[in-house]
Amino acid sequence: SIHAVIHTCVYMLPLAPLLCAASLVKSPLQRALSAPRAVLVDIAQDPRLAPPSAFDLEELSTRCRDAGAAALVVPSDLLAAFAAEQATAASSYPGPLPLICQLQPSVGGGGSEAAGEAPQPLAEPSSLKLGELRALGAEGVMVRSSALEGGAALADLVSAAEAEALRVVVLTGRAGEADAVAGAGAVAVVCEGDACEEGAPAASAASAA
């Protein structure tokens, strides 16, 4: 009922100037994504199937950590379960993995668009309940570039996320977006498929059982 997609962090962006000097200190998520070719494991749940058991979630969370993942991308309804399991590694090596919640478009869902369909926009930041995601254990949020209606939408999301101590990561299916994303304040670009710019490290988006 759950599957994982592997993404590679292609661009770790420099910190944008912020109002508070303390904000310039890298968060655990930023440090994790700074590693060369940092691997993010994107966990998805098939709503047509029975929900995974607590044991399955714990085992998957542990295996991702032991396999060397840099961070986990999880749906909001699984955040608490993954946060609880990762917390058990607080005094061991490797330590807990940062958790990222992938934000869904305001219409449809599932995080991707069907062939021939127009991309759905992201909901207004005020309706995303970012504070609740932080309270559940998220250190960042991920948004698809196709769900953003221009740089202003990303800047608004970054501002709302920063207010809740969350970092924004952009998942892109198009090349050449690093500069625009950096200018809006996102901390990293994750590239899927063959969308990496020429000369950039190759990214992977292979499905795992």
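**Fold, helix packing and backbone features of a predicted model**

Ala165 sits in the loop that links helix H5 (151–163) to strand S6 (167–172). Helices (H or I, at least four residues) and strands (E, at least two) are DSSP runs, numbered from the N terminus. The model is predicted: local features need pLDDT of at least 70, side-chain atom pairs count only at pLDDT 80 or more, and totals for chains, interfaces and linings use all residues. Residues are numbered from 1 along each chain as its sequence is written, and side-chain values use heavy atoms, with hydrogens and water left out.

Ala165 has a phi near 60°, a positive value in a residue other than glycine. Its relative accessible area is 45%, so Ala165 is partly exposed. Here buried means under 20% relative accessible area, exposed means over 50%, and partly exposed lies in between (1.4 Å probe, protein chains only). A cis peptide bond joins Tyr93 and Pro94, with omega about -5°. Pro94 belongs to the loop between H3 and strand S4 (99–102).

The protein contains 6 helices and 8 strands. Their order along the sequence is β-α-β-α-β-α-β-α-β-α-β-α-β-β. The protein has 209 residues, of which 41% are buried. Its accessible surface is about 10400 Å², and carbon and sulfur atoms hold 56% of that area. Areas come from the Shrake-Rupley method with a 1.4 Å probe; for residues, only the protein chains shown count as cover. Contact means heavy atoms within 4.5 Å. Of the contacts between residues at least 6 apart in sequence, 70% join residues at least 24 apart.

Helix H2 (residues 54–66) packs against helix H3 (residues 79–87), their axes coming within 9 Å and crossing at roughly 55°. H2 is therefore oblique to H3. Axes are lines fitted to C-alpha atoms, for helices over the stretch in contact, with angles from 0 to 180 degrees between N-to-C directions. Angles under 35 degrees count as roughly parallel, over 145 as roughly antiparallel, 65 to 115 as roughly perpendicular, and the rest as oblique. From H2, Leu57, Glu58, Leu60, Ser61, Thr62 and Arg65 meet Ala81, Phe82, Glu85 and Gln86 of H3. By class, this contact has 4 nonpolar, 3 polar and 3 charged residues.

Ser61 is placed in helix H2. Ser61 is buried, with a relative accessible area of 0%. Beyond residues up to four places away in sequence, Ser61 touches Leu72, Phe82, Glu85 and Gln86.

How values were computed
Nonpolar A, V, L, I, M, F, W, Y, C, P; charged D, E, K, R; others polar.
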